[in-house]
Each structure stands twice: as C-alpha cells, then as structure tokens.
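Welcome! Please take a moment to look over the sequence and the model below, and then we will walk through them together.

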Amino acid sequence: MESISYITCTHNKELLNKCLLPTLRLDQDDELIIVENPESIAIGYNFGIEKAQNKIKCFIHHDLIITNSSLLRMQLIAYCTEDIGMVGVIGSITDTVPWWEGKTIGSALESRMGLIYFSEGKEFCETLDGILLATCQDVEFDETIPGFHLYDQDICTQMNKKGLRNFCMSNGYRIGMHYTFGNTNVELIDGYNLAKEAYNQKWGKQ
C-alpha cells in the first residue's frame with residue numbers, strides 16, 4: 001500500500017497543536033514532518049522534501065483541521081500519479097493571479113467564510129490553493145518567491161511547464177476545515193505584493 005509524507009510549516013505551535021496535529025490520522029508507514037519557523041514556506045517545504053521517506057508528499061497548512069483522514073488519504077493515493085502534477089482541493093482552471101479571481105473550481109470549508117463551494121471538483125486545472133497540495137513528482141519550491149504567498153501558484157505553473165496537468169479533487173469541504181481569520185484583500189496581506197512581484201517577474205506576467 002502507498003504511504004504518504006505529510007509536510008507542514010508552522011510559526012505557531014499552539015495553532016498546530018489545536019488543528020492539524022490532533023486530527024490528521026497517519027497510517028502505519030505515513031509520516032508527518034513539521035518544519036518550525038522557516039524563513040519562507042518554500043524554504044520550509046524544501047527542507048521537508050529532503051526529509052521525506054515516501055513518494056507521495058502532501059504539503060498541508062498547520063491550521064487545517066482534518067475531518068476525514070480516510071477520504072483525504074484515499075484521494076491522494078488515487079490522484080497523485082505519474083501523469084499528474086499537483087493535486088489540491090480548490091483552485092482555478094484559468095491562469096489568474098490571485099487564483100480566486102479566475103474561473104474557480106473545487107470546495108473548502110473555513111472558519112472565516114464558511115462553506116466555499118465553486119464546483120464538485122474532480123477535474124484538471126491550472127492552479128491550486130496552497131491550503132493542501134500533494135504530488136508524487138520530484139518537486140522543488142522556488143525559494144526566490146519570498147514569504148508565504150504565491151508559492152502554490154508557482155509550483156503549479158512549474159508543473160504546467162513540464163507538461164503535467166494539475167488536478168482538483170472532489171469533496172474538499174468534507175476533508176477538513178481551514179481555521180483562519182486572515183484578510184482576503186491582497187493589498188492588506190503582509191508580504192503578498194512582494195511575492196507577486198517575484199512571481200510575475202519569473203513568469204513574465206504583468
């Protein structure tokens with residue numbers, strides 16, 4: 001049976017201990033790699049990749065409360081295949097920055113906005129939100145993207161450029177609840193514009 005390496009970054013152990021840690025159920029050979037206080041999420045995830053023992057790697061936010069580990073695991077094993085790039089639960093079928101201003105798909109549940117249901121999912125897409133990303137590909141997050149934003153769109157674009165399609169799973173809102181109260185206005189999100197500038201410069205976007 002396939003095993004999964006879950007990788008998370010945290011600057012808040014209290015939140016990790018409240019959300020992800022007590023709710024993610026690991027099967028026998030699964031592992032959870034916790035990277036504390038990385039300078040950026042790209043640096044943290046790359047450190048986790050070096051430590052990971054399993055082919056399937058799931059990059060997961062520390063403030064995600066898992067409500068159905070079996071459903072999550074079943075879908076990761078089903079869709080993290082050699083012909084698929086990144087797998088997630090919510091995103092866009094258009095290459096739009098930020099992704100939620102594009103043609104959105106998938107679903108999620110969060111403390112800030114409640115149920116977000118764009119579509120059932122289970123379809124290919126351009127980009128995915130970083131709340132949960134998974135793959136069996138050999139990947140490296142771009143450490144020139146600073147901070148904690150747009151690493152998700154960058155890694156999805158990397159997959160697209162390799163000729164691999166990204167995939168939005170179904171039932172994202174049944175898998176977990178994102179415990180967040182952050183601002184949804186990108187102009188007010190700390191570090192977002194710096195990350196966007198680096199992303200746009202890399203990919204030649206305006």
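This is a predicted model: local features need pLDDT of at least 70, side-chain atom pairs count only at pLDDT 80 or more; totals for chains, interfaces and linings use all residues.

A contact here means heavy atoms within 4.5 Å of each other. With that in mind, Cys58 touches Ile4, Ser5, Tyr6, Ile7, Leu76, Leu132, Leu133 and Ala134, leaving aside residues up to four places away in sequence.

Residues are numbered from 1 along each chain as its sequence is written, and side-chain values use heavy atoms, with hydrogens and water left out.

**The overall picture**

The protein has seven helices and 13 strands; these are DSSP runs numbered from the N terminus, with helices (H or I) of at least four residues and strands (E) of at least two. Its radius of gyration is 15 Å, close to the 17 Å that the globule rule gives for 206 residues, so the protein is as compact as a globular protein of that length. That radius is taken over C-alpha atoms, and the rule is 2.2 Å times the number of residues to the power 0.38. Along its principal axes, the C-alpha trace spans about 45 × 35 × 35 Å.

How much of the protein is buried? Of its 206 residues, 55% count as buried. Buried means under 20% relative accessible area, exposed means over 50%, and partly exposed lies in between (1.4 Å probe, protein chains only). Among the contacts with a separation of 6 or more, 77% come from residues 24 or more positions apart.

**The nonpolar cores**

In soluble globular proteins, nonpolar side chains tend to be buried together. A nonpolar core is a set of buried Ala, Val, Leu, Ile, Met, Phe, Trp, Tyr and Cys residues joined through side-chain atoms within 4.5 Å. The largest one here has 29 residues, and those with the most contacts inside it are Cys58, Leu72, Leu76, Leu132 and Met169. At least two residues of this core come from each of strands E1 (4–10), E3 (56–60), E4 (64–66), E5 (84–88) and E11 (132–135), and from helix H4 (69–79). H4 gives the largest share, four residues. A second, separate core holds 23 residues, including Met86, Ile105, Cys125 and Leu133.

**A covered helix**

Helix H5 (residues 151–161) is mostly covered, with nine of its 11 residues buried. Those buried residues pack against helix H3 (41–51), E5, strand E10 (127–128), E11, strand E12 (165–168) and helix H7 (192–203). After H5 comes Gly163, with a positive phi near 85°.

Apart from residues up to four places away in sequence, Asp152 touches Thr127, Leu128, Asp129, Gly130 and Leu133. The C-alpha atoms of Asp152 and Trp99 are 9.8 Å apart, although 53 residues separate the two along the chain.

**Residues to compare**

| Residue | Relative accessibility | Counts as |
|---|---|---|
| Asp152 | 7% | buried |
| Glu82 | 54% | exposed |
| Asn171 | 25% | partly exposed |
| Tyr192 | 5% | buried |

Glu82 sits in the loop between H4 and E5. Not counting residues up to four places away in sequence, Glu82 touches Lys55, Cys136, Gln137 and Leu164.

Tyr192 belongs to helix H7. Beyond residues up to four places away in sequence, Tyr192 touches Val97, Pro98, His149, Leu150 and Val186. Tyr192 and Pro146 are 46 residues apart in sequence and 8.9 Å apart in space, C-alpha to C-alpha.

**Backbone details**

Most residues other than glycine have a negative phi, and most peptide bonds are trans. Which peptide bond is cis, with omega near -5°? The cis bond runs from Val97 to Pro98, and Pro98 lies in the loop between strand E6 (90–92) and strand E7 (104–110).

Two asparagines have a positive phi. For Asn37 the value is near 55°, and this residue is found in the loop between strand E2 (31–36) and H3. Asn171 has a positive phi of about 60° and lies in the loop between E12 and helix H6 (172–175).
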